[in-house]
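This briefing walks through the fold, the core and the helix packing of the protein shown here. Please read it with the structure open alongside.

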Amino acid sequence: MKVLHSIMTIVVVGFTIVACGTQSDKKSTRVESSEIEIEAIGQPDEQIRVAKSLIASSDASKIKAVNAKKMFKNYCAVCHGRKGNMEINGAEKLSKSSASLEQRVAQIYFGKGTMAPFKGIIKNEEIVAVAKYLDELKK
Ligand code: HEC
């Protein structure tokens, strides 16, 4: 009887340890993977890499076909102003921006702060076209 009791105790304790072990394992991997995801999204290098490939994969003729001025008026002027010189909602003056084309594409594609991402809202070539158009605002 005593032997059986000891065996039962060992089984119960052993099971508890195994159960807790797997549970905490699962928990830690989940936290890890979500941290990696957040890091990849917020990672400037990663965003620039994506921006470069967006620029490279956008057809020059498609970019030219975009009415970037109109796009800017419709999607961006509300915060940046038609001439890119307004600072509504914490927006930076685009007419004074020194951001590179890659940085601009990344900013438009991924968004930042109160500026929402335009990924999936406007086409990739439209993002590139409007990013290029910003040079016009500096003249
Ligand atoms: C809801 C307001 C809002 C809209 C709409 C908006 N932006 Fe912005 N934009 C911001 C804010 C705020 C920042 C500054 C973000 C930060 O650095 O935290 C910003 C920053 C930028 C920058 C970076 C400037 C720099 O010098 O770093 C670029 C480029 C830019 N916006 C382009 C655009 C374009 C192009 C559009 C339209 C497709 C657009 N934005 C639409 C609010 C907006």
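A residue is called buried if 20 or more other C-beta atoms lie within 10 Å of its own, exposed if 12 or fewer do, and partly exposed in between. By that criterion, 20% of the 139 residues of the protein count as buried. The model is a predicted one, and its secondary structure consists of six helices and zero strands.

**Overall fold**

- Read from the N terminus, the order of elements in the protein is α-α-α-α-α-α.
- Among the contacts between residues at least 6 apart in sequence, 66% join residues that are at least 24 apart.

**The nonpolar core**

- The largest nonpolar core comprises 20 residues, and those with the most contacts inside it are Val105, Ile108, Tyr109, Ile127, Val128, Val130 and Ala131.
- Two or more residues are given to this core by each of helix 2 (44–57), helix 4 (68–80), helix 5 (101–110) and helix 6 (124–133), and the largest share, six residues, comes from helix 6.
- Ile108, one of the residues with the most contacts inside the core, touches Phe118, Ile127, Val130 and Ala131 when residues up to four places away in sequence are not counted.

**Helix 6 and its surroundings**

- Eight of the 10 residues of helix 6 are buried, so this helix is largely enclosed by the rest of the structure.
- The buried residues in question are Glu125, Glu126, Ile127, Val128, Ala129, Val130, Ala131 and Tyr133, and the buried residues of helix 6 pack against helix 2, helix 3 (60–65), helix 4 and helix 5.

- Helix 2 has 14 residues and reaches 20 Å from its first C-alpha to its last, close to the 20 Å expected at 1.5 Å a residue.
- Gln47, Ala51 and Leu54 are buried in helix 2; seen down the axis of helix 2, its buried residues fall within an arc of 60°, so they line one face of the helix.
- Asp45, Ser53, Ala56 and Ser57, on the other side of helix 2, are exposed, whereas the buried residues of helix 2 pack against helix 5 and helix 6.

**Helix 5 and its packing on helix 2**

- The axes of helix 2 and helix 5 come within 8 Å and cross at roughly 100°, which makes helix 2 roughly perpendicular to helix 5.
- From helix 2 the contact involves Gln47, Ile48, Val50, Ala51, Lys52, Leu54 and Ile55, and from helix 5 it involves Leu101, Glu102, Val105, Ala106, Tyr109 and Phe110.
- In helix 5 the buried residues are Arg104, Val105, Ala106, Gln107, Ile108 and Tyr109, and the buried residues of this helix pack against helix 2 and helix 6.
- Helix 5 is followed by Gly111, whose phi is positive, near 75°.

**Two loop residues**

- Phe118 is found in the loop between helix 5 and helix 6, and this residue is buried, with 21 other C-beta atoms within 10 Å.
- Leaving out residues up to four places away in sequence, Phe118 touches Tyr75, Ile108, Tyr109 and Ile127; Phe118 and Tyr75 are 43 residues apart in sequence and 9.2 Å apart in space, C-alpha to C-alpha.
- Glu92 is found in the loop between helix 4 and helix 5, and with 17 C-beta neighbours inside 10 Å, Glu92 counts as partly exposed.
- Apart from its neighbours within four places in sequence, Glu92 is in contact with Glu87 and Ser97, while Glu92 and His80, 12 residues apart in sequence, are 7.1 Å apart in space, C-alpha to C-alpha.

Conventions: Residues numbered from 1 in each chain as written. Predicted model: local features only at pLDDT ≥ 70, side-chain atom pairs only at ≥ 80, totals over all residues. Core = buried A, V, L, I, M, F, W, Y, C linked by C-beta atoms within 7 Å. Helix = DSSP H or I, 4+ residues; strand = E, 2+ residues; numbered from the N terminus. Contact = placed C-beta atoms within 7 Å. Expected span 1.5 Å × (residues − 1). Arc of directions from axis to C-beta. Axes fitted to C-alpha atoms, helices over the stretch in contact; angles between N-to-C directions. Parallel < 35°, antiparallel > 145°, perpendicular 65-115°, else oblique.
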